[in-house]
Amino acid sequence: MAVEPAALALRGGTLVTMDALRTLAVADILVDRDGRIVALTDPTQAAPAERSIDVAGQLVVPGLIQSHVHLCQTLFRGLAENERLLGWLRDRIWPLEAAHDAASLRASARLGIAELLLGGTTAVLDMGTVHCTDALFSAADETGIRYTGGKALMDAGDGVPAGLLEPTAVALRDNDRLADTWHEASGGRLRYAYAPRFVLTTTLDLLRSIGARARANNLLVHTHASEQREETDIVRQRYGVPNIRLLANLGLAETNACFAHCVWPEPEEFDVLASGGATVVHCPSCNMKLGSGAAPIADYLERGVNVAIGADGAASNNRLDAWEELRLAGLLSRFRDGPPGVAAIELLEMATIGGARALGLDADIGSIEVGKYADLAVIDPRRSHLTGPDDVYTRLIYSARAGDVRLVMVGGRVLVEEGRLIAFSEVEAIADAKTQRAALTKRAGLTD
Ligand SMILES: [Zn+2]
């Protein structure tokens with residue numbers, strides 16, 4: 001039987017597969033027309049392919065997955081620098097989000113996606129703002145990134161501007177329309193997630209309704225939880241139970257939930273997370289920048305809680321660089337608990353197979369395996385800062401940086417080549433962002 005040539009071959013790279021055996025191997029990756037990996041073959045066989053890309057001597061890793069970002073905040077980079085969480089939201093972030101329109105959201109998303117792709121992030125879980133969520137999905141659709149997102153649900157809260165506050169029924173109606181429109185669109189590359197912002201800006205009715213929808217429709221829930229002490233104190237005062245426990249009581253801590261931060265769990269909440277199957281999304285840069293604290297990541301892992309990673313938004317980071325988050329996660333773990341801290345291989349899991357599990361996509365992405373999508377990043381290790389005798393995981397976590405990424409593909413489509421974005425124009429994205437940011441800050445009544 002004649003073997004049909006693969007659509008694409010990545011030849012001769014060292015694969016950091018992150019498969020169940022954590023296999024490291026030099027192999028060719030063959031990709032079919034649907035963007036899935038059809039074979040991992042011996043490079044000396046030179047299996048036929050319509051297009052071949054030589055990556056000999058380079059490291060090929062699964063495309064990184066960031067399980068908590070806010071693409072709507074990329075335009076706010078540098079506009080909210082010196083506050084703690086609740087003031088930061090009330091004084092800067094919410095007024096800016098309220099001033100967004102479809103054009104500024106699109107610009108914000110494209111600027112963020114450019115940075116994400118260039119740094120090897122191929123999939124994100126994004127929390128939108130309240131309005132114009134279609135603009136985020138359209139931007140994700142055009143750029144080629146693998147995107148799960150949803151509008152921020154806000155039907156209560158102190159200091160929430162009128163432009164963001166929605167009656168519960170209105171919020172749910174828009175939410176349901178968006179889910180119908182975008183979930184599993186573009187061949188499944190776009191997916192919808194329910195995104196109640198956090199307990200302090202949602203009614204219990206809304207949270208309950210979202211829990212019911214998540215179970216009925218098997219969709220992801222994405223929210224913030226226990227990020228700062230001030231927040232957890234208010235939740236406990238108001239409802240008489242700790243934050244994560246409250247979410248669990250409302251049916252939101254079951255499988256397919258991603259809780260960003262979880263810096264301040266009560267002792268009993270470790271078991272709530274471990275037994276419910278929710279993922280903790282660690283955002284170390286944001287936690288340090290807003291002075292939130294150091295999440296007990298080693299403890300979560302020890303108890304079997306799935307942990308993923310995210311840069312959060314450019315307003316609280318100010319980068320969207322998964323490598324930076326991984327390195328800081330390792331350093332912060334050691335700073336908090338002393339060496340050895342969370343192992344490098346476990347850290348890489350958070351941005352690969354752990355992130356895929358968080359998104360409910362571990363059958364499709366998160367490792368380099370036959371049958372999964374070719375969501376890949378290629379790193380050139382022939383750089384001075386990547387030279388050393390250490391193991392490959394340590395080198396990736398502690399030495400690699402976004403600028404080392406040479407090639408990125410999502411579903412077999414090459415989006416970054418030779419370190420340059422080819423999916424769309426980075427120069428145009430930057431120019432558009434500049435124009436839209438000026439208009440946005442004017443609308444928000446803030447100086448740029
Ligand atoms: Zn966030």
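Which side chain meets that of Arg-77 in a salt bridge, and what is the N to O distance?

Reply: The model is predicted, and local features need pLDDT of at least 70, side-chain atom pairs count only at pLDDT 80 or more, while totals for chains, interfaces and linings use all residues. Residues are numbered from 1 along each chain as its sequence is written, and side-chain values use heavy atoms, with hydrogens and water left out.

The side chain of Arg-77 meets that of Glu-115 in a salt bridge, at 2.6 Å from N to O. The term salt bridge stands for a side-chain nitrogen of Lys or Arg within 4 Å of a carboxyl oxygen of Asp or Glu. Arg-77 lies in the loop between strand S6 (64-69) and helix H1 (85-98), and Glu-115 lies in helix H2 (residues 102-118), so the pair ties together parts that are 38 residues apart in sequence. Helices (H or I, at least four residues) and strands (E, at least two) are DSSP runs, numbered from the N terminus. Arg-77 has 27% relative accessibility and therefore counts as partly exposed; Glu-115, at 24%, counts as partly exposed. Here buried means under 20% relative accessible area, exposed over 50%, and partly exposed in between, with a 1.4 Å probe and protein chains only.

The whole structure contains 29 salt bridges. One of them joins Asp-28 to Arg-11, with the closest N and O atoms 3.0 Å apart. Asp-28 belongs to strand S2 (residues 24-31) and Arg-11 to strand S1 (residues 6-16), so this pair ties together parts that are 17 residues apart in sequence. Both Asp-28 and Arg-11 are buried.

A further salt bridge is formed by the side chains of Asp-375 and Arg-146, at 2.6 Å from N to O. This pair links distant parts of the chain, 229 residues apart: Asp-375 is in the loop between helix H13 (353-358) and strand S15 (376-379), and Arg-146 is in strand S8 (residues 146-150). Asp-375 and Arg-146 are both buried. Elsewhere, salt bridges that share partners join Asp-134, Lys-151, Glu-166, Asp-174 and Arg-177 into one network.

On a 1 Å grid over the protein atoms alone, a cavity is a set of points where a 1.4 Å probe fits but cannot get out, and lining residues have an atom within 4 Å of a point. Grid points are joined across faces, edges and corners, and a volume is the space filled by probe spheres set on the points. By this rule there are two cavities of 30 Å³ or more. The largest cavity has a volume of about 130 Å³. It is lined by 16 residues, and those nearest its centre are Leu-85, Trp-88, Leu-89, His-224 and Glu-227. H1 provides the largest share of this lining, three residues.

The second largest cavity holds about 50 Å³ of space. Its lining includes His-282, Ala-294, Arg-336 and Asp-337. Helix H10 (297-302) and helix H11 (322-337) are the elements that give two or more residues to this lining, and H11 gives the most, with five residues.

Technical notes. 1 Å grid on protein atoms, 1.4 Å probe; cavity = no way out; pocket = protein on both sides within 12 Å on 5 of 7 lines; lining within 4 Å.
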